[in-house]
Amino acid sequence: MSGRPFTTLTAVALPLLRDNVNTDAIIPSREMKHVSRRGLADGLFADWRYTAVGGREADPSFVLNDPRYAGCAILLTGSNFGCGSSREHAAWALAEYGFRAIVAEGFNPIFRGNAILNGVVPIVLARAQIETLAAQVAADPVRQRVTVDLRAMQVTAPDSATMAFTLDAEPREMLLEGLDIIDLTLKRRAEIASFRSSDRQARPWAYPEAAKS
Amino acid sequence: MRGHPKTLFEKIWAAHRIAALDSATDLIAIDRILLHERTGGIALRGIAESGRKVLDTTQVFATMDHVVDTRPGRTDATLMESGREFITATREAAHATGIRLFDLGDPAQGIVHVISPERGIVLPGLTLVCPDSHTGTQGALGALAWGIGSTEAEHALATGALRARKPKTMRISISGRLAFGVTAKDLALALIGRLGAGGASGHIIEFAGEAIESLDIEARLTLCNMATELSAFSAIIAPDARALDYLWGKPHAPSGALWDSAAAYWNTLKSDEGAVFDMNLNFDACEVSPMVTWGTSPQQAISIDAHVPDLMASPRDTDESHARALTYMDLSPGTKIAGLPIGAAFIGSCTNSRISDLRRAAAILSGRKVAEGVKAICVPGSTPVKHQAEAEGLDRIFREAGFEWRESGCSMCFFSGGESFGTRQRVISSTNRNFESRQGPQTRTHLASPETVAASAIAGCIADPRRFVP
């Protein structure tokens with residue numbers, strides 16, 4: 001699985017300034033209907049987005065349903081985003097809906113990994129910075145766009161102020177190139193095989209086959 | 001050992017490092033991959049569709065737990081629409097690849113984090129991953145076990161390794177002993193209340209200290225399970241004599257000379273004197289009382305004799321999250337949490353469904369009846385736990401008290417099985433998450449220990465278990 005390459009993006013940003021937004025809220029379990037990575041965008045934030053459980057009538061009080069945010073591709077949110085269940089469906093649903101970057105005060109580690117694998121850039125900024133972005137965006141979401149430059153590791157606010165963020169070299173490379181990590185690791189097949197063969201000598205008990213015989 | 005003193009985590013990480021990928025990320029060898037039908041089937045299907053192969057099928061185990069029906073006489077049919085699709089896809093993929101599957105009807109079937117320790121699949125010093133957030137549960141036996149996504153599971157299956165970001169280390173030292181009627185679950189909720197739901201984000205927690213040493217293995221599993229609710233990378237406890245005693249003779253644990261060589265290594269698996277952790281916290285077990293959550297995040301946990309806090313008394317909550325939680329739970333600040341009427345009681349989940357949990361709950365239920373109007377359900381964590389409980393007559397105690405006695409699975413810990421307690425129903429639950437709609441649309445969940453769930457079921461309202469503990 002690989003995401004689309006990401007270099008820079010200027011887009012409408014959706015402010016959802018809640019802490020601890022969990023993966024059940026991002027995609028409720030009942031919305032994960034098939035053994036598939038697709039068909040999840042309609043279930044994104046379903047409990048908040050629709051007036052009734054399982055229904056599809058938009059709740060106008062939820063920000064995603066505000067027409068001014070149509071086409072949003074950057075999410076602005078609070079701390080510990082993506083906590084809870086490891087379901088990658090949360091990242092799949094966000095990506096399928098069109099989100100390419102999430103700016104949060106912090107991420108749950110499993111969600112963060114899932115986002116990167118699906119071409120969604122996890123960006124950590126300070127709460128005050130996120131609040132500044134949200135306030136500027138809310139004034140005029142369509143015109144007041146936010147820019148994410150992954151190569152420069154910089155977010156540009158609608159008023160042109162810049163905010164630096166960091167991302168480790170490995171995930172940054174993966175996002176910039178849209179690499180398939182499994183292919184990438186399989187290039188190290190020989191290295192892995194040699195590690196396993198000496199490890200098997202050192203820790204035979206750790207290999208179920210050896211333990212059985 | 002020469003060189004600088006190492007933490008337990010660093011020892012296991014170093015023993016599995018195949019290569020460094022950048023300053024923070026390593027390629028780590030994976031010893032065990034566990035799968036369940038909810039997120040595992042999709043990983044196996046991904047492997048097949050891409051034409052790749054599972055590197056070593058002997059290291060992979062799969063179970064059916066998440067969407068399966070738990071009502072007696074179950075089949076592949078589920079209350080959840082299309083649940084059968086998850087079951088059959090996983091079964092077909094497991095059979096096609098030759099992976100050991102703990103299928104419905106298998107005497108060893110059960111919740112992944114219950115059966116893995118029970119079978120000795122998890123062992124000290126192993127790396128173990130599962131596309132399930134509560135995988136850190138298994139760190140209770142001294143393994144480095146963590147939750148991953150489905151793509152990462154596919155990666156681990158195909159390569160026998162993962163590209164993993166090295167977590168920071170946090171030691172939580174817990175002195176003293178838990179008081180009468182206070183359990184590992186209460187300790188966990190107290191810690192989450194103190195540190196917040198993101199309090200250990202990016203860290204692996206090593207639990208240490210007198211209180212941890214005195215916990216039995218099942219209690220340690222409960223504690224490590226709840227570290228997930230701190231957003232921890234994982235949790236781990238140094239394997240001691242108790243851990244080795246627990247594992248000895250388990251079906252998938254090594255035996256004979258292999259056991260001896262393993263045990264010699266396992267005895268070295270502890271943090272060295274002077275090892276440096278990124279964060280050190282101290283906690284006193286004696287201060288913990290039975291805990292219950294009032295809100296919609298596990299950090300909204302209070303002592304059973306406390307009142308629903310106002311915003312001032314909830315430093316971890318923002319105005320918005322505090323207000324939302326009060327509205328969702330239909331509570332006001334100042335309300336005493338004990339005495340709050342409940343409509344349902346649930347004992348089960350990878351947190352609290354093991355035989356010791358059921359024994360302690362049964363001790364409270366024995367000779368008593370669930371209050372009128374309370375729907376009470378017990379779901380043993382595995383088929384072996386269920387059989388053991390039945391051999392001890394615990395099922396009779398549960399049934400005679402008015403509990404439903406179910407087949408093993410994750411069940412109503414979440415709504416995945418399609419079964420719920422009902423809209424706006426107030427539930428006391430031995431599970432791990434009280435998120436909005438977690439146990440069904442608009443269901444209001446209060447997390448607590450199995451003892452507190454049993455006591456509350458009898459009282460018909462949230463109740464202090466110490467009134468009932470024999």
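**Burial, chain A.** I looked up burial first: 46% of the 213 residues of chain A count as buried, where buried stands for 20 or more other C-beta atoms within 10 Å of the residue's own, the C-beta atoms being placed from the backbone.

**Ground rules.** I noted that this is a predicted model, in which local features need pLDDT of at least 70 and side-chain atom pairs count only at pLDDT 80 or more, while totals for chains, interfaces and linings use all residues. Residues are numbered from 1 along each chain as its sequence is written, chains are lettered from A and ligands numbered from 1 in the order in which they are written.

**Extent and contacts, chain A.** I read the span of the C-alpha trace along its principal axes as about 65 × 40 × 25 Å. I then took the contacts in chain A with a separation of 6 or more and found that 68% of them join residues 24 or more positions apart; a contact has the C-beta atoms of two residues, placed from the backbone, within 7 Å.

**Secondary structure, chain A.** I found nine helices and eight strands, which are DSSP runs numbered from the N terminus (helices H or I, at least four residues; strands E, at least two).

**A sheet in chain A.** I traced an open sheet of four strands in the order S1-S6-S7-S8, with antiparallel pairing; strands pair if DSSP finds at least two bridges between them. Strand S1 (8–11) and strand S8 (162–164) of chain A are the edge strands with a single partner strand each, so one side of each has no neighbour in the sheet. Neighbouring strands of this sheet are turned by 15° against each other on average, direction ignored, with the axes being lines fitted to C-alpha atoms. I also checked strand S6 (residues 146–149) and strand S7 (residues 154–156) of chain A, which pair in the antiparallel sense over three bridges. A:Asp149 has A:Gln154 in S7(A) as its bridge partner.

**Domains, chain A.** I looked up domain 1 (8–179) and domain 2 (180–213); the bounds come from an automatic or database domain assignment. The C-alpha centres of these two domains of chain A lie 37 Å apart.

**Domains, chain B.** I noted domain 1 (28–161 + 250–266) and domain 2 (291–467), with 27 Å between their centres, taken over C-alpha atoms. In chain B, 26 residues of domain 1 are in contact with 20 residues of domain 2. On the domain 1 side, helix H4 (residues 112–119) of chain B gives the most, with four residues.

Definitions and conventions
Buried ≥ 20, exposed ≤ 12 C-beta atoms within 10 Å, placed from the backbone. Axes fitted to C-alpha atoms, helices over the stretch in contact; angles between N-to-C directions.
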